[in-house]
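Biologist: Please take me through the labels on this structure. I want the rule behind each one.

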Amino acid sequence: MKKVYLNPVDYFETFDDMIESIPKGIENEPAISWFTRKGEEKGVSYGKLREDVRSLQAAMISKGLQGKHIAILGENSYEWLVVYFATVCIGSVAVCVDIEQSNETLTQMLDMTDVECLFFVPSLESICLSYADKGVKGFMLSGKGAVPTVAELLQEGEELRRNGMVWENKGNPDATAAIVFTSGTTSYSKPVMLSQRAILTNAADAAACVALGRVTFSSLPFYHTYGMTCSIVGALLEKCHLYINGNLKTVMRDMQAAPVHSLFTVPLILETIHKKMWANAAEKGMERKLESLLKWNQMKSSLGITRFGKKTDEIREKCFGSVRLIICGAAHLSREIMENLNCLGITVLQGYGITECAPLVSVNQNNANKFESVGLVMPHTEISFRDGEIMVRGENVMQGYYKLEQLTEEAFADGWFATGDLGYQDKNGFLYITGRKKNLIVFKNGKKLSPEKLEEKLSRIELVQDVLVYGAVSGSSSDDVQVAVSVFPNMEKAEGMNRYEILEELQSEISKINGELPLYQQIQMVNIREQEFKKTALQKIKRHLV
């Protein structure tokens with residue numbers, strides 16, 4: 001096993017202890033910043049964050065919200081975070097909901113988790129106020145409406161504290177802190193219960209494994225465990241200055257405007273930036289020069305040289321601003337992109353997580369990084385393998401699915417959580433993901449294919465924006481299958497082409513890929529989609545809907 005250096009970090013068992021302790025000595029240092037739609041920068045210090053959480057706690061306690069299930073429905077915002085921290089600190093459960101869904105699905109999630117209070121954005125006012133008849137209290141995260149806002153509650157809480165109100169319950173480490181829904185890539189979303197200890201231990205492990213630098217940036221959704229545990233709680237434990245963003249339209253603007261060293265993101269964002277970089281080079285007839293520059297930088301890097309020159313700096317700053325470190329998760333990122341970014345002076349660290357594990361299971365580290373791997377297992381986490389499936393146990397593993405006892409029981413085997421992901425470890429302890437158990441294509445001859453690796457090859461075709469590989473039944477029995485692909489074309493590249501021309505070019509490129517594959521793995525069917533795939537918040541295709 002490879003021995004690695006872990007960054008010093010404080011571990012907390014309850015959020016109340018974290019909020020009280022984390023700002024000491026840095027009360028006036030910037031904690032969280034963001035840009036308005038007009039591009040104006042705003043932010044709060046660590047001391048202000050602590051005081052706002054304490055004030056909201058006081059207001060929530062005065063309204064009898066201790067021990068309740070409190071749903072937070074809104075885009076990323078400072079108010080969202082204050083509500084989350086205050087909720088957990090008073091012993092209530094934060095129900096984290098993705099609002100980019102149908103009203104029917106939102107209602108199902110709220111009903112499923114027995115919510116007793118809602119914090120919501122104005123666009124959801126009609127849905128949320130309909131719960132008032134059921135005795136559910138409602139408050140606005142921001143804006144104006146028929147119910148009090150977080151800003152008004154903060155004022156109430158400040159007044160209560162000035163009048164001597166004190167909250168002395170320090171919380172229970174094993175109490176449920178949050179109910180977070182799975183992404184639902186292979187089935188419907190399930191409500192996962194995570195304890196205070198699980199989230200805080202996992203966040204501290206993340207901070208111990210990856211040094212983010214003084215300033216970091218995240219546009220990951222807060223209602224997802226990757227966004228909350230790793231990029232929010234982990235960054236605060238490292239005492240970083242954290243820039244947040246909740247609007248995909250302004251991500252690039254904000255990332256480049258902020259003086260950030262590190263960035264939390266998902267593969268789709270990096271793939272988009274990478275494609276634009278090469279497209280811009282092609283428009284200017286500079287493809288060969290860019291290719292030569294990257295090869296030259298790769299040679300320098302192999303010799304330990306990390307300063308690549310002015311031209312490299314210009315390309316990097318145009319694409320990524322001041323970013324020098326990227327933490328990428330939620331799906332596999334191709335080696336080609338990581339190598340290209342490394343040759344621009346940007347280190348990419350891949351990790352692997354799953355909602356039920358709070359989420360991080362493994363991550364590459366600043367001083368231990370392998371491009372094809374998802375890194376080393378977290379300090380307080382153990383893994384094993386059962387028929388190739390990754391099994392996990394540790395303090396970060398969920399308490400279960402809320403009110404779904406049968407599914408919870410099925411998810412565990414002898415105390416180990418079954419992830420559904422296939423993989424292996426090398427002799428140095430680095431973990432590799434080979435596919436998703438449910439996605440395996442099984443052929444009549446007993447051989448199997450993980451579609452993810454094939455999808456990675458296909459995604460490199462310029463004409464492909466999104467692709468999904470599956471087994472299409474081609475005979476009388478269910479195991480008589482052929483490899484098929486469903487492609488949503490890159491509309492910019494397909495401009496001026498009809499459907500037949502798109503298919504013809506795709507088949508030409510796919511024939512080249514087939515030439516590298518054994519016969520049973522070769523793609524036999526191609527389907528062109530007219531509409532984009534349905535995706536999760538982390539931009540993973542919802543396979544079960546295809």
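Modeller: What follows sets computed values against their definitions.
This is a predicted model, where local features need pLDDT of at least 70, side-chain atom pairs count only at pLDDT 80 or more, and totals for chains, interfaces and linings use all residues. Residues are numbered from 1 along each chain as its sequence is written, and side-chain values use heavy atoms, with hydrogens and water left out.

Biologist: Why is Leu236 called buried?

Modeller: Buried means under 20% relative accessible area, exposed over 50%, and partly exposed in between (1.4 Å probe, protein chains only). Leu236 has 1%, so it is buried. Its place is helix H8, residues 225-237. Helices (H or I, at least four residues) and strands (E, at least two) are DSSP runs, numbered from the N terminus.

Biologist: What does Leu236 touch?

Modeller: Contact means heavy atoms within 4.5 Å. Not counting residues up to four places away in sequence, Leu236 touches Ile22, Ile32, Tyr46, Leu49 and Phe85.

Biologist: How do you know whether Leu303 is buried or exposed?

Modeller: Leu303 has a relative accessible area of 63%, so it is exposed. Leu303 sits in the loop between helix H11 (287-302) and helix H12 (310-320).

Biologist: Which residues make the nonpolar surface patch?

Modeller: Trp296, Met299, Leu303 and Ile305 form it, with about 420 Å² of accessible area together. Patches take residues with over 30% relative accessible area and no salt bridge; like charges are joined within 9 Å, nonpolar side chains (Val, Leu, Ile, Met, Phe, Trp, Tyr) within 5 Å. Areas come from the Shrake-Rupley method with a 1.4 Å probe, and for residues only the protein chains shown count as cover.

Biologist: What makes Asp111 and Lys134 a salt bridge?

Modeller: The rule asks for a side-chain nitrogen of Lys or Arg within 4 Å of a carboxyl oxygen of Asp or Glu. The closest N and O atoms of Asp111 and Lys134 are 3.7 Å apart, and they form a salt bridge. Asp111 lies in helix H4 (residues 103-112) and Lys134 in the loop between helix H5 (125-129) and strand E6 (137-140), so the pair ties together parts 23 residues apart in sequence.

Biologist: How exposed are the two partners, Asp111 and Lys134?

Modeller: Asp111 has 39%, so it is partly exposed. Lys134 has 55%, so it is exposed.

Biologist: Where do Asp313 and Arg316 sit?

Modeller: Both are in helix H12, three residues apart, so about one helical turn separates them. Arg316 has 6% relative accessibility, so it counts as buried. Asp313 has 25%, so it counts as partly exposed.
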